[in-house]
Amino acid sequence: MSGHSKWHNIQAKKGKADAKKGKIFTKIGKELAIAAKEGGSNPDANSKLRDVIAKAKANNMPQDTVQRAIKKGAGEMEGVNYEEINYEGYGPSGVAMIVKALTDNKNRSASSVRSAFTRSGGNLGANGCVGWMFQAKGQIVIEKKEDMDEDEVMMQALDAGAEDFNAEEEVFEVITAVEDFGTVREKLEEQGFEFLSADITMIPDNTVSVDMETAGKVQRLIDKLEDDDDVQDVYHNAEFPEEFEG
């Protein structure tokens, strides 16, 4: 089956993430707090919270840190109120980009994101300027192991309700509709699969191939944005060269 794979980007991102776990935990903590605030602190009755807990687990986030974030979101502990905002714009060479932020200060976030785009040779646009180029999808990344049969894993994923399946050199990538993500993730988890990542993402309908120089510029902008405490995720439609290390 065919489909856009982001694994090359995820691989580079996870390598950097391992070096700054504290920042990753802070970002996931915000998501846990918002999920608990919106749907309560009981994951059995809150599917969004279950999904974020799974994301925390995939990132080896300590259980006590997870519970503390949930309690803050549910009002059981003092916490901060966060608001979700998406920014859209064009990066170097016209690469389409969406920036997802969770913030307690919209003015600060907008200023920081705009500055990052401007200094990187891009520009921040109005909401909707590039969003139509992307589709929200569930994405589950499973590490390949020697005893795994590709066809069997694919059938298990499709039987669980996945829309698409991609076999990469080191991983299997499972794509789902947003509304099916939680169910597919839980079914695969029940079958013993461990995930390198499991999250809702934005997948571009079409990608734009970029050269090494542009890839470097785009990656520097991504790094700058992701270093911002308000930014949760950055999505783009650039297809980096295979030899690009990030």
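The model is predicted, so local features are taken where pLDDT is at least 70 and side-chain atom pairs at pLDDT 80 or more, while totals for chains, interfaces and linings use all residues. Residues are numbered from 1 along each chain as its sequence is written, and side-chain values use heavy atoms, leaving out hydrogens and water.

Start with the inside. In soluble globular proteins, nonpolar side chains tend to be buried together. A nonpolar core is a set of buried Ala, Val, Leu, Ile, Met, Phe, Trp, Tyr and Cys residues joined through side-chain atoms within 4.5 Å. Buried means under 20% relative accessible area, exposed means over 50%, and partly exposed lies in between, with a 1.4 Å probe and protein chains only. The largest nonpolar core holds 22 residues, and Y87, M97, V99, V113, F117, L225 and F240 touch the most other members. At least two residues of this core come from each of β1 (83-90), β2 (96-103), α5 (106-119), α8 (212-226) and β9 (231-236). Helix α8 gives the largest share, 5 residues. These labels follow DSSP runs, numbered from the N terminus: helices are H or I with at least four residues, and strands are E with at least two. Another core, of 16 residues, lies apart from the largest one and includes I140, A157, A160 and L188.

F240 also belongs to an aromatic pair. Rings of Phe, Tyr and Trp (its six-membered ring) pair if their centres lie within 6.5 Å; planes under 30 degrees apart count as stacked, over 60 as edge-to-face and the rest as tilted. The whole structure has 2 aromatic pairs. In one of them, the ring centres of F240 and F244 are 5.0 Å apart and the planes stand at 65°, so the pair is edge-to-face. Both F240 and F244 are buried.

Next, the strand β4. Of its 10 residues (134-143), 7 are buried, so β4 is largely enclosed by the rest of the structure. Two strands pair if DSSP finds at least two bridges between them. β4 runs antiparallel to β7, with 9 bridges, and F134 stands opposite P204 in β7. β4 is also antiparallel to β6 (residues 171-176), with 6 bridges; here Q139 stands opposite I175.

On a 1 Å grid over the protein atoms alone, a pocket is an open set of points where a 1.4 Å probe fits, with protein on both sides within 12 Å along at least five of seven lines; lining residues have an atom within 4 Å of a point. The lining has 21 residues, and E31, K48, K100, D199 and I200 lie nearest the centre of the pocket. By class, 10 lining residues are nonpolar, 4 polar and 7 charged.

N60 has a positive phi of about 60° although it is not a glycine. N60 sits in the loop between α3 and α4 (63-74) and is exposed at 58% relative accessibility. S93, in the loop between β1 and β2, likewise has a positive phi of about 60° without being a glycine. S93 is exposed, at 64%. N237, in the loop between β9 and β10 (238-239), is buried, with a relative accessible area of 5%.

Conventions: Ala, Val, Leu, Ile, Met, Phe, Trp, Tyr, Cys and Pro count as nonpolar, Asp, Glu, Lys and Arg as charged, and the others, Gly among them, as polar.
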